[in-house]
Amino acid sequence: MKRLPIFVLIGVSLTAYFALTAFILPEKYMSHEKLVSQPHFEVKISDKEITLGESFRLDITTRNSGEYGDIHILSTAFPDLNEVGSIVKISTYDFTQPPNNIISGEKIIAKYSGGLEHINAKYPSIEAMSRPVQPGSTYNLSQVITPEKAENFSIYVKTVNIPHTSNLSHYPQTGILDHQGEYVNVYSVMVNP
């Protein structure tokens with residue numbers, strides 16, 4: 001009985017392996033649903049109207065109501081400010097990472113691209129982040145804000161979970177687009193002279 005040369009056995013094995021990975025296994029992997037984490041938040045503002053020199057409190061509770069996710073980001077942005085400075089103070093948070101101040105002009109990710117598209121920030125923001133994100137997990141961020149001008153003081157709030165696999169991976173899903181081309185809810189407090 002003749003034995004096949006070893007290189008023939010290796011060639012047949014490699015051909016079988018590549019046939020499995022190219023034609024059979026991809027359908028098995030593609031048939032599985034993608035995990036979709038779904039962020040949501042609730043905002044409480046202590047006062048809708050204040051006098052210049054007074055402060056108000058912004059309390060945000062955010063939740064992942066979907067599947068497991070890698071990263072959960074809550075962003076509060078201040079389109080009326082050039083810098084956060086002493087105007088916005090973080091009083092409490094329970095995110096796994098310390099909040100990060102984004103300054104005007106800083107290069108940031110845009111359009112839910114996961115790092116493929118960038119812009120320069122047009123106004124400051126504060127981002128709080130947790131990782132990983134378990135189903136049902138909740139996080140809180142509280143800020144004390146003392147505006148320096150008599151005006152309608154605006155705050156943009158949004159949350160994004162990564163991986164961003166669908167429209168359910170960010171909240172809100174409609175409304176006003178911010179400088180990153182991402183949806184935000186707009187909150188405001190009237191600051192009287």
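Reader: How many bridges join strand 3 and strand 10, and in which sense do the two strands pair?

Author: Helices (H or I, at least four residues) and strands (E, at least two) are DSSP runs, numbered from the N terminus, and two strands pair if DSSP finds at least two bridges between them. Here strand 3 (residues 56-64) and strand 10 (residues 138-145) are antiparallel partners over eight bridges. Within that pairing, Leu58 has Gln143 of strand 10 as its bridge partner. This is a predicted model in which residues are numbered from 1 along each chain as its sequence is written, and local features need pLDDT of at least 70, while side-chain atom pairs count only at pLDDT 80 or more. Totals for chains, interfaces and linings use all residues, and side-chain values use heavy atoms, with hydrogens and water left out.

Reader: In what order do the four strands of the open sheet stand?

Author: The order is 1-3-10-5, with antiparallel pairing. Strand 1 (39-45) and strand 5 (88-93) are at the edges with a single partner strand each, so one side of each lacks a neighbour in the sheet. From one strand to the next the twist averages 20 degrees; for such angles, axes are lines fitted to C-alpha atoms, for helices over the stretch in contact, and the values run from 0 to 180 degrees between N-to-C directions. The protein as a whole has one helix and 14 strands.

Reader: How is a nonpolar core read, and which residues have the most contacts inside the largest one?

Author: In soluble globular proteins, nonpolar side chains tend to be buried together. A nonpolar core is a set of buried Ala, Val, Leu, Ile, Met, Phe, Trp, Tyr and Cys residues joined through side-chain atoms within 4.5 Å. Buried means under 20% relative accessible area, exposed over 50%, and partly exposed in between (1.4 Å probe, protein chains only). The largest core here has 25 residues, and Phe78 and Ile145 have the most contacts inside it. Strands 1, 3, 9 (125-130), 10, 11 (152-162) and 14 (183-192) each supply at least two residues of this core. Across the 193 residues of the protein, 35% are buried.

Reader: Where does Phe78 lie, and is Phe78 buried or exposed?

Author: Phe78 lies in the loop between strand 4 and strand 5, and a relative accessible area of 0% makes Phe78 buried. A contact means heavy atoms within 4.5 Å. Not counting residues up to four places away in sequence, Phe78 touches residues including Val88, Tyr123, Gln143, Ile145 and Ser154. Phe78 and Tyr156 are 78 residues apart in sequence, yet their C-alpha atoms are 6.4 Å apart.

Ser154, one of the residues that Phe78 touches, belongs to strand 11 and is buried at a relative accessible area of 15%. Beyond its neighbours within four places in sequence, Ser154 contacts Ala77, Phe78, Pro79, Asp80, Tyr187 and Ser188. In the protein, residues 24 or more positions apart account for 75% of the contacts with a separation of 6 or more.

Reader: How is a pocket defined, and how much space lies in the largest one?

Author: On a 1 Å grid over the protein atoms alone, a pocket is an open set of points where a 1.4 Å probe fits, with protein on both sides within 12 Å along at least five of seven lines; lining residues have an atom within 4 Å of a point. Grid points are joined across faces, edges and corners, and a volume is the space filled by probe spheres set on the points. The largest pocket holds about 490 Å³. Its lining has 25 residues, of which Ile73, Ile109, Glu127, Ile162 and Gln180 are the closest to its centre. Strand 4 (71-77), strand 6 (97-102), strand 7 (107-109), strand 9 and strand 11 give two or more residues each to this lining.

Reader: Which peptide bonds are cis?

Author: The bond from Arg131 to Pro132 is cis, with omega near -10 degrees, and Pro132 is in the loop between strand 9 and strand 10. The bond from Tyr171 to Pro172 is also cis, with omega near 5 degrees.

Reader: What is the phi of Lys111 and of Tyr112?

Author: Lys111, although not a glycine, has a positive phi of about 55 degrees, and Tyr112 has a positive phi near 55 degrees. Lys111 is exposed at 51% relative accessibility, whereas Tyr112 is buried at 17%.
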